[in-house]
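Here's a walk through one model, taken from the whole chain down to single residues. Have the structure open as you read.

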Amino acid sequence: MTILFPVAIFSVISIATCIDSLAQPSKPKKASNDTWHCRFAALPFRLLPIMLIFAGAEILTGRCIYAAVLTVVAVSLLVWGSNLKRDLLGEPLLFSDAAVIKACFQHPRFYVNALALPARIAVLFGIFVICFAVISLLAFDLCHLSSVNRSALLERGLGVALASASLYLLMAVARTRLPARLMPRPDCDEVIPKFGLLATTILCWLRWREDRQKPLPPHHLLHSGETCDIVNTKAPIVIVIQCESFSDLEELRPGENWNCFLPVLSKARLEARQYGQLHVSGFGAYTMRTEYGVLFGHDEEALGFRRFDPYLSAHWQCQDALPARLSQLYEHRLFIHPHDLEFYGRRRLMPVSGFNEMQGDEKFTIAQKNGPHLSDAALGERIISVINEAAKNNKSTFVFAVTIENHGPWPEGLTGYLRHLRHGDALLGQVSRCLEQTGHPAVLAFYGDHRPSIPNMVLPGGAMHTPYLIQEFGMDSPSCGLEKDLTPAMLHHEIYKMALKVSYENSQYKTF
């Protein structure tokens, strides 16, 4: 054992480092000017994570050879999983992906079923091998406690010492300026070819820890007495709908006959106050990035390393959320998402961000589903009931709704996606007709959260924008037809200005 332990460490570092270098992209987007000094400085972030994985396996198994094999298997799975994710979504594995591990077990269809069958089998088999080996060795040692295996106990002690030393060294290096020097920008594609996947993940996480509590540009908060216009006698209604995987067919794959069109979207653009392209940063996933931008109004440049999953640090910006900013003008502020509100911590985040009512999947029935998720038609009916209730009681209302029907994967491929896409288009028509009939001053903002990822049909690497539009109802002289491209954060500010506008009788209002 005394000889095998250092040999196992050397072997696992050599093999795991080679495997780590296979993570995509293998070449930087532009030529790098980094010297060997920079690559040498990155060694702690390349080697210490491997040492931590090996030490953890050593503690669990008590056998250095088994620990070395499990470490190599674990690193192989991480690299392979990262490359699979890049093929599907255009991004590598990120530190923030650890936040959805629990959701992977609660809702496996979102993740496991998105993989091709061979990849699914390989991933599940690799996880099974690791778990089986660890549990078997632990069970064996527990059954033979009477004849204490001193070698196994000693190796576990060495594993504890190695884990402690590796973690201490990693934290010591993390407190220096090295992370900022090695990864100055939140661009994983720039860093992975130079330092590998594990180092990039650690550097990303360390930079996120630095950024997470940094102050962001403040938004103006509406204070009582700050405006002088007369409040509308009819209560204003603002509806914001984030439509799952909603995209413009003509832009997904230009030049192809999709044999489908979106009549409501086409007509609504002609009547909209404003419409255009929404420049989102995610492809095929990362709903929360677009949702955060529209709700909280901070661009990704300002977020820094928080951009990968803004909801991990959003509780420090609750005062910037639309419902919080509009709380003095809108009495009822409702968040609707017909799915598990534990996703991205919405159940805890939304109430402190200004919403005074939430409706998740528990407020709907199985009969209202279309496929595995709740239908857009059922969500539209719920929004309409809220609008009608607001008009009946003359109650100022702000609604932020997030659809789920068109969430992938789609077993029927493109055909299934297009069918659900038409339902999203119909939802837009449902809500806009209802708002028009109320006679109340109202705003409807409708947009897609990201484009779909459909294997062999719609792939990452191209444009990522989705359509958006803002409609105005019940105003004496609504302005129409402005075409303007926005980011999600810019859409936040447009909605805020319109929400102020419809709260007052004339169209003259202060811009905050």
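How many disulfides does a search of the whole structure find? It finds zero, taking a disulfide as a pair of cysteine sulfur atoms within 2.5 Å.

## Ground rules

This is a predicted model, so to speak of local features a pLDDT of at least 70 is needed, side-chain atom pairs count only at pLDDT 80 or more, and totals for chains, interfaces and linings use all residues. Residues are numbered from 1 along each chain as its sequence is written, and side-chain values use heavy atoms, with hydrogens and water left out.

## The chain overall

The chain has 19 helices and ten strands; these are DSSP runs numbered from the N terminus, with helices being H or I of at least four residues and strands being E of at least two. Of its 512 residues, 52% count as buried. Buried means under 20% relative accessible area, exposed means over 50%, and partly exposed is in between, using a 1.4 Å probe and protein chains only.

Contacts here are heavy atoms within 4.5 Å. Take those between residues at least 6 apart in sequence, and 79% of them join residues at least 24 apart.

Back to the cysteines for a moment. Cys 64 is buried, with a relative accessible area of 2%, and Cys 434 also counts as buried, at 7%.

## Two nonpolar cores

A nonpolar core is a set of buried Ala, Val, Leu, Ile, Met, Phe, Trp, Tyr and Cys residues joined through side-chain atoms within 4.5 Å. The largest one has 94 residues, and the members that touch the most others are Phe 45, Phe 54 and Phe 400. Helix H10 (residues 197-211) supplies the largest share of this core, eight residues. Apart from it lies another core, of 43 residues, including Ile 241, Cys 243, Leu 428 and Phe 446.

Eleven of the 15 residues in H10 are buried, among them Thr 200, Arg 207, Trp 208 and Asp 211.

What about helix H9 (residues 188-195)? Eight of its eight residues are buried, including Asp 189, Glu 190 and Lys 194. The buried residues of H9 pack against H1, H2 (36-41), H3 (43-61), H4 (64-89), H8 (178-182) and H10.

## How the helices cross

Axes here are lines fitted to C-alpha atoms, for helices over the stretch in contact, and angles run from 0 to 180 degrees between N-to-C directions. Angles under 35 degrees count as roughly parallel, over 145 as roughly antiparallel, 65 to 115 as roughly perpendicular, and the rest as oblique.

Start with H3 and H10: their axes come within 8 Å and cross at roughly 100 degrees, so the two are roughly perpendicular. Phe 45, Arg 46, Pro 49 and Ile 50 of H3 make the contact with Leu 198, Ala 199, Ile 202, Leu 203 and Leu 206 of H10.

H18 (residues 414-438) has two pairings to look at. With H17 (residues 376-393), the axes come within 9 Å and cross at roughly 10 degrees, so this pair is roughly parallel. Among the residues making that contact are Gly 380, Ile 384 and Ile 387 of H17 and Gly 424, Leu 427 and Cys 434 of H18. With H12 (residues 263-271), H18 packs at about 45 degrees, the axes 8 Å apart, so that pair is oblique. There, Pro 263, Val 264, Leu 265 and Ala 268 of H12 meet Asp 425, Leu 428 and Gly 429 of H18.

Ala 152 lies in helix H7 (residues 150-174) and is buried, with a relative accessible area of 3%. Ala 152 and Gly 62 are 90 residues apart in sequence, yet 4.5 Å apart C-alpha to C-alpha. Not counting residues up to four places away in sequence, Ala 152 touches Gly 62 and Asp 141.

Ile 15 sits in helix H1 (residues 4-20) and is partly exposed, at 43% relative accessible area. Its C-alpha is separated by 9.6 Å from that of Val 75, 60 residues apart along the chain.
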